[in-house]
Amino acid sequence: MSSIYVTVALFLLANLVVALVAAARGPTSADRMLMALLFGTTGTAVLVLLAAAGGGGALVDVALVIALLAAIGGIAFARRAWHTRETHHD
Amino acid sequence: MTDALGTGLLIVGAFFFFAGTVGLLRFPDVYSRLHALAKADNLGLGCVLLALAIDADTLEAALKLLLIWPLVLAASACVSFAIARRADTLGIAPWEKKDGR
């Protein structure tokens, strides 16, 4: 089972690399924030998988913290940081 | 039996993460990208956590894994609502299919 966990974790990591390209592309700050939220969720999944593959239970706690921080970051962005409407929006 | 079930759930979860990433790359506006992100959040992580909970050693470890899912569900719903309402307040119009294409 452990090798499957590592394989899926690597696949999710490859997903994140692709999403990184999209985050650099933009075009609006909201799109970049959505990438950050995807990073939070995928990072949670990767950490949980690594914990099951032999990393130990502490990684599950880290995954919980990452999930919480992604939520707080998203809310802070929507309520506090996103003020301007970008002109280029397709 | 549980191994096969766990592997299947892992593959389904990885597929939903992949679909969410592709949706974020390909969808035209912020509202539809929120929709794509929700797939990765809710179903992708849910399937992965369920697969790991099936394979967990103790009941406590399994419940702790399954506890992450409702947290992410609630957070995803709140963040999606906040971002969509902010985008609407800023006057970003939802994408519509152009005529004649």
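Of the 101 residues of chain B, 38% count as buried, where a residue is buried if 20 or more other C-beta atoms lie within 10 Å of its own, exposed if 12 or fewer, and partly exposed in between, with C-beta atoms placed from the backbone. This is a predicted model, in which local features need pLDDT of at least 70 and side-chain atom pairs count only at pLDDT 80 or more, while totals for chains, interfaces and linings use all residues. Residues are numbered from 1 along each chain as its sequence is written, and chains are lettered from A and ligands numbered from 1 in the order in which they are written.

Chain B has three helices and zero strands, where helices (H or I, at least four residues) and strands (E, at least two) are DSSP runs numbered from the N terminus. Read along the sequence, chain B follows the pattern α-α-α. The radius of gyration of chain B is 17 Å, well over the 13 Å that the globule rule gives for 101 residues, so chain B is more spread out than a compact globule; this radius is taken over C-alpha atoms, and the rule is 2.2 Å times the number of residues to the power 0.38.

Chain A likewise comes to three helices and zero strands, and from the N terminus on its elements run α-α-α. For chain A the radius of gyration is 15 Å, well over the 12 Å that the globule rule gives for 90 residues, so chain A too is more spread out than a compact globule. The table sets out further values for the two chains.

| Chain | Box or span along the principal axes | Contacts (6 or more apart in sequence) that join residues at least 24 apart |
|---|---|---|
| Chain A | roughly 50 × 25 × 10 Å | 62% |

Two residues are in contact if their C-beta atoms, placed from the backbone, lie within 7 Å. Of the 90 residues of chain A, 39% count as buried.

How many residues does each chain give to the contact between them? The contact takes 37 residues from chain A and 40 residues from chain B. On the side of chain A that touches chain B, the elements that give two or more residues are α1, α2 and α3 of chain A, and the largest share, 13 residues, comes from α2(A). By class, that side of chain A has 25 nonpolar, eight polar and four charged residues, where Ala, Val, Leu, Ile, Met, Phe, Trp, Tyr, Cys and Pro count as nonpolar, Asp, Glu, Lys and Arg as charged, and the others, Gly among them, as polar.

Two packed helices are described by the angle between their axes and the distance between the axes. Within chain B, α2(B) and α3(B) pack at an angle of about 175°, with their axes 9 Å apart, and are therefore roughly antiparallel to each other. Axes here are lines fitted to C-alpha atoms, for helices over the stretch in contact, and angles run from 0 to 180 degrees between N-to-C directions; those under 35 degrees count as roughly parallel, over 145 as roughly antiparallel, 65 to 115 as roughly perpendicular and the rest as oblique. The residues of the contact of α2(B) with α3(B) divide into 18 nonpolar, four polar and one charged.

Between the chains, the axes of α2(A) and α3(B) come within 12 Å and cross at roughly 180°, which makes α2(A) roughly antiparallel to α3(B). The residues of this contact include Leu37(A) and Val48(A) of α2(A) and Leu65(B) and Val72(B) of α3(B), and by class the contact has nine nonpolar, two polar and no charged residues.

Ser32(B) has its place in helix α2 of chain B, and with 15 C-beta neighbours inside 10 Å it counts as partly exposed. Not counting residues up to four places away in sequence, Ser32(B) touches Phe27(B) and Trp95(B).
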